[in-house]
Amino acid sequence: MVIKDRAFIGAYSIILKGVTIGENAIVGAGSVVTKSVPDNQIWAGNPAKFIRSI
């Protein structure tokens with residue numbers, strides 16, 4: 001797991017092995033992240049899915 005600079009991860013989120021959270025990315029609270037999150041995107045849910053770019 002790699003978490004880049006200025007990433008925000010909501011409370012009770014689970015990030016699986018091998019996943020990268022990009023720079024300035026946001027992961028919603030309680031999300032289960034199974035895929036890498038690119039820079040400047042918002043992901044949330046179980047499993048986490050793309051919400052929108054920022």
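Visitor: In the elements of the protein, what counts as a strand, and how many strands are there?
Guide: A strand is a DSSP run of E with at least two residues, and numbering starts from the N terminus. In this predicted model, the elements run β-β-β-β-β-β-β-β from the N terminus on.

Visitor: What radius of gyration does the protein have, and what would a compact globule have?
Guide: The C-alpha atoms fill a box of roughly 20 × 20 × 15 Å along the principal axes. For 54 residues, a compact globule would have a radius of gyration near 10 Å. The protein agrees with that, at 9 Å.

Visitor: Which two residues meet in the salt bridge, and which parts does the pair tie together?
Guide: The structure holds one salt bridge, formed by the side chains of Arg6 and Glu23 at 2.5 Å, N to O. Arg6 lies in the loop between β1 (2-3) and β2 (8-9), and Glu23 in the loop between β4 (20-21) and β5 (26-27), so the pair ties together parts 17 residues apart in sequence. The residues are Arg6 and Glu23, and the parts are the β1-β2 loop and the β4-β5 loop.

Visitor: Is Arg6 buried or exposed?
Guide: Exposed means over 50% relative accessible area. Arg6 has 57%, so Arg6 is exposed.

How values were computed
Residues are numbered from 1 along each chain as its sequence is written. This is a predicted model: local features need pLDDT of at least 70, side-chain atom pairs count only at pLDDT 80 or more; totals for chains, interfaces and linings use all residues. Side-chain values use heavy atoms; hydrogens and water are left out. Helices (H or I, at least four residues) and strands (E, at least two) are DSSP runs, numbered from the N terminus. The radius of gyration is taken over C-alpha atoms; the globule rule is 2.2 Å times the number of residues to the power 0.38. A salt bridge is a side-chain nitrogen of Lys or Arg within 4 Å of a carboxyl oxygen of Asp or Glu. Buried means under 20% relative accessible area, exposed over 50%, partly exposed in between (1.4 Å probe, protein chains only).
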